[in-house]
Amino acid sequence: MTALDANTFRDLETRHAHLLHRSFKQRFGGLMVLGGILLYCIYSAWFFDLPKLVAEGHWERLGIYLRQWISYDVQPVFRIGSDGKIATRYPRFNPLGDDPKPDWVRANSDGSVLVEVSGSKSVRIAPTQVDVTAYGMTTPVRLVGENAKVDGALPGWMSAYEDTISVDLGFSGDVSISGDQVKVRKRFLGWPNFIFDTHSPFFDKPFGEVLQLIVSGERLDKSQSNLSLAFDNFWNNSAWQHGDIWVKLFQTIVMAFLGTLLGAVFAFPTAFLAARNMTSSSLVNQVVKRFFDFLRSVDMLIWALFLTRAFGPGPLAGSGAIFLTEWGTLGKLYAEGLENVDNKPREGIQSTGASTVLTHRYGVMPQVMPVIVGQTLYQWESNVRGATIIGAVGAGGIGLKLWEAMRTNANWANVCYMVLLILVVVFLFDMASSALRSRLIGDRSR
Amino acid sequence: MTFQSKPETASDVAPATVAIVDAWEKLAARRRFYTILGLAILFAAFVASVRFADESNAGHFFDRLPHLFDFMSWLIPKDWNDVWRALLGLPSPNDRGGEEYNFTVGRVPLWGGLYIPNYIELMIVTINIALISTLVGFVIAVPLSFLAARNLAPSNPLRILVKRLMEFLRAFPEIVIAGLFSAVLSIGPAAAIIAITLHTIGAVGKLFFEVIENIDMKPDEGMTAVGGNWLERVRFGALPQVLPNFTSYALLRLEINVRASTIIGAVGGGGIGEALKLSISRGFGAKTMALVLLLFVTIVVVDQVSAAMRRRLVGEAAFVPVH
């Protein structure tokens, strides 16, 4: 490529002026949009006070809560009596049952207690001294009257408060030592008692034994077979509430199904009224179209709140909310589909003297059916997702359960369980809806 | 179709034709059978669902139906002027203490006698949540979508990873993210922003990489030919083609996010959703009317503005529905 000399350049400039002399908007438009976006970001950081919020956030909680999604802990309390005896107490409703004798708490012959928090971390509790072994070193903590004291400098994973010493052992747990009691928290990976809770006769039995009991064992409860007892114990597990959660999940699916189906049933005939080429009165077109806009714009949340008040909380309110929103959305989409049909088949059918109904059936329906089926399935799929959220305002389904489990900040493992169920359902519905779509309308793209 | 195509006497036509007609009729009968079967199943599922929903609801449909209008009656304010007063934060003559008519609470003073009424301020909060999360989500989703598009991805394992991440973010329930972060950042709009942003990344990211996979690759080939690296290929070969579509999808997402931020607000994310939930559950007619009106107008305006901008950006293609 040759370099341009001044003459060629001037020549080009005269011939293609619009390429070299761009308008102010063309030259600076993009930059101004970027500047505007930046300014808006600064404004909203100020508006929401984001720097302060982020700085003051309890970020350590994020780690703790996320940890609780996939693990549980047991916190025995070792109380040192005035006579030097060590009493072990487990909290009520702990996942090990009412009277656990875990093998990681061992009573030594000299009256001290050894707690293994993990392979290399352990705590030995004696009446006057607690030895914490972790990270390759053993730190003795002396118990003097009401206080716990460490001679010399504290390692980084220990911190001293007024009369207690707290020890951070990472994921595997923590220890809090005061003058007369030691609390040891040991964390286990996994979900405790997921199948049977501590009140079940099957609790803490290995899988093989449970299977053997169910298949050929003696009846544990005289009134029912072991299989039905096992199922009952599982379904009504007090910690995990499988039964309740599954029923609520099913409610969510039913809400989405019912709302979308009813919406489609109502939207279909009304869309004919809204479509310009199907109903020739523009007054009717406009009125019906604005009605659709109204239904859509009032929004699912407002409908849900109103219907929850009218019918009481439950899936009826949720279905109603989805139905009303969906009537508007599907009505609009169907009407657009109808307005885009090719008129020739209709004219052909009309020319044979067919009635309006027959004209629509054979002239219009074959053209719009793929659009209608495709859109309805898409909406159904997205409503399964939406139904989870409006459930949280009381419109039934798993949403409320999820919200309640989160609000206490104590039940993150249950939240994780429900989230997994929701994810599975959403993925299944994605797949089912695209499979149905490709079967019914023979094409995977929209 | 029921056009009678069988001739009166079979001898008039060739046997092959008769066979064709028979086969066609058999096919039609089978089709009809499957259609009817499908509809019957759908109907059965419908009836079962209605019964299930009705039984597990707190109030039953037909018991509650006659009371529907009782319930509506509280919605009608005793004094219609209260709706405007509630919207504009003006004192009401009906105010006897209590929360039903305390319209002046929550004014945000600007200067002098000027102030932003409480509800307008809450609406601004909700809109700002939607705007900032769409914006941040957009900025994060654009580079991710280039990593996820089959024709431009620099590495295949990374592409799959990014794609899965987007699917995960899209399907993850927003309220869980909001709940988790409201424990970290204290209850308020920040948690809602994070939740909606993450969901937006997943939702628009998918649309974006589908757009990228459909671009004309010639500019990209040109960039490769002159020795452009990946960043330059994306910047000069692909981005100019996709930016209008991207912006259009982001605007569409903004419409959805305004609704989403209202809903998350109602479950504790602040903004107008919370006020609405409170007002409906306490049965404050005038306040509810004012809030519904405000929300309705806002949603209509946002939809119209976004539709107009999208039409300018990509023409009628903007109105192909997406999800």
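In chain B, the centres of domain 1 and domain 2, taken over C-alpha atoms, sit 40 Å apart. Domain 1 covers 1-73 and domain 2 covers 116-319 of chain B, with bounds that come from an automatic or database domain assignment. Keep in mind that this is a predicted model: local features need pLDDT of at least 70, side-chain atom pairs count only at pLDDT 80 or more, and totals for chains, interfaces and linings use all residues. Residues are numbered from 1 along each chain as its sequence is written, while chains are lettered from A and ligands numbered from 1 in the order in which they are written.

**The sheet in chain A**
- Six strands of chain A form an open sheet in the order 4-5-6-7-8-9, with antiparallel pairing; strands are DSSP runs (E, at least two residues), numbered from the N terminus, and two of them pair if DSSP finds at least two bridges between them.
- At the edges are strand 4 (105-107) and strand 9 (147-149) of chain A, each pairing on one side only.
- From one strand to the next, the twist averages 20° (axes are lines fitted to C-alpha atoms, and angles run from 0 to 180 degrees between N-to-C directions).
- Strand 6 (residues 121-125) and strand 7 (residues 129-134) of chain A run antiparallel to each other, joined over four bridges.
- Arg124(A) faces Asp131(A), which belongs to strand 7 of chain A.

**Where the chains meet**
- Chain A puts 58 residues into the contact and chain B puts in 48 residues, where contact means C-beta atoms, placed from the backbone, within 7 Å.
- Helix 9 (residues 282-311) of chain A gives the largest share of chain A's side, 10 residues; helices are DSSP runs too (H or I, at least four residues).

Notes
Contact = placed C-beta atoms within 7 Å.
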